[in-house]
Amino acid sequence: MRSPPAFGQSMTELDTPLFIPPVDEGLIVDRKDDVATAQLLHSPPRKRPRNVLERAEDIKPHQSQALEIVRDEDYYLSDGSCIILVKNTLFNVHRTTLSKDSSSFSSMFSLPQGGKPAEGQSDDNPIILVGETVSQFRNFLWALYALPHELLQVHSSLANLTRLIDIGSISNKYSFKSLETWALDVIVDTVTRRSSPFPQFPLAGLCYGPAAPSQTYTHPTQLTNYEQIISLVRLAQMCQHERLLNTMVESLRKHMISSTQNAYMAMTLADELDLRVLRGAAYLEVMQKAVVVVRRPGPGPVEGELDRDGRLVVSATQQMRLLSGYYRLTMEWEQLRTVPPNFDHASSCGTNWHQSGCMQSWQEFWREKTKSETVLVLGLADVLGRLRAVLKEFDKWGSATYMHHDCRMLARRAINEKLKAVQDALPDLFSDVV
């Protein structure tokens, strides 16, 4: 296998051997108990995290048993016209209500029965829904039957976020488009705590039936429930709701800097949902925080947890991407420290200044500052951190005798442009080796 050269420039002969970091920083690969490990930039926290990325439906019970079929206390309506079975719970609601919003139910109700008794007419022959839980479907029905004052509660800061997630998810599944959009917009307003007008509920006045069951609400604090964050990212991606997706990606960016667990969560979600906007930053954060190890067969910590030696368990693919990203970033810095970012001289520099002296001053500054203590104390692959350190030194530079003022501004812009170029390229740097 070969790794592509660092982006933006062709590979040049290096002043130091290729990819041989010192022992006290950078990458350390060893073999302990026949497990390959990789230390990337910093030591990890020692607290064992919980694997929050495991879906509830992926957790299988130790044993299965037949459950008694029961009628839902709130939504088995005496005047209902459509009986639905979810898990072991029967719901009896109105076909006209389920047919609103050009939903999938309206198409299903119009299908010919082929001479067989129509499903949904009795408890013995219900319409069976698969894939949702009883509480999810109950929350969805709440949105169809809620009274105006209850809808106002959802809009307020007392909103039940789990309920809104369920409404958005089930609405997407059964093509209640306007209800889906409403739920996701309310979620965005809830998690961002904006003072905005309440979105109009799309199905208000269309439904009839009993008052929706009362609900106890709690004040949401900062969105730190990781299961909810994961659910919201998946929901936003599934529904292609750009506002919610951007909001949750920004939330993940803020959370992932606080712990290895959060960084792993963001990295794995970025892989699962192919979120390029998040992948590079998340992989970089894991690389800076953790010692990683691939899970061994048999009992032991699962991916996303720390083993007994404090190493973060990741997949083999993730470990390879982390190693590839480390290598490519170190190669990028080796090029950068010898060749400063280029810029075109200001027109004023050519008329009343010596461009050769201006450029010489810039190159001498770059060579000196890229070897300064504030830069070398950072990890070999911390290209972004090193560029920011150089930028701070540039701002402290003061008057440069042989560099025109206008060119100084252009040089500063060139450093910022290089910073942005590295940030934009992170998803590609942490890609599979080809």
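Modeller: In the protein, 70% of the contacts (heavy atoms within 4.5 Å) between residues at least 6 apart in sequence join residues at least 24 apart. This is a predicted model, where local features need pLDDT of at least 70 and side-chain atom pairs count only at pLDDT 80 or more, while totals for chains, interfaces and linings use all residues. Residues are numbered from 1 along each chain as its sequence is written, and side-chain values use heavy atoms, leaving out hydrogens and water.

Colleague: Why is Trp362 called buried?

Modeller: Buried means under 20% relative accessible area, exposed over 50%, and partly exposed in between, with a 1.4 Å probe and protein chains only. Trp362 has 0%, so the word applies. Phe365, at 2%, is buried too.

Colleague: The structure holds 15 aromatic pairs. What makes the pair of Trp362 and Phe365 stacked?

Modeller: Rings of Phe, Tyr and Trp (its six-membered ring) pair if their centres lie within 6.5 Å; planes under 30 degrees apart count as stacked, over 60 as edge-to-face, and the rest as tilted. Here the centres are 5.9 Å apart and the planes at 20 degrees, so this pair is stacked. Both residues lie in helix α13 (residues 355-369), 3 residues apart.

Colleague: And why is the pair of Trp362 and Trp366 called tilted?

Modeller: Their centres are 5.6 Å apart, but the planes meet at 50 degrees, so tilted is the word.

Colleague: How do you know that the charged end of Arg95 sits over the ring of Phe109?

Modeller: The rule asks for NZ of Lys or CZ of Arg within 6 Å of the ring centre and within 35 degrees of the ring normal. Arg95 counts as over the ring, at 4.4 Å from its centre.

Key
Helix = DSSP H or I, 4+ residues; strand = E, 2+ residues; numbered from the N terminus.
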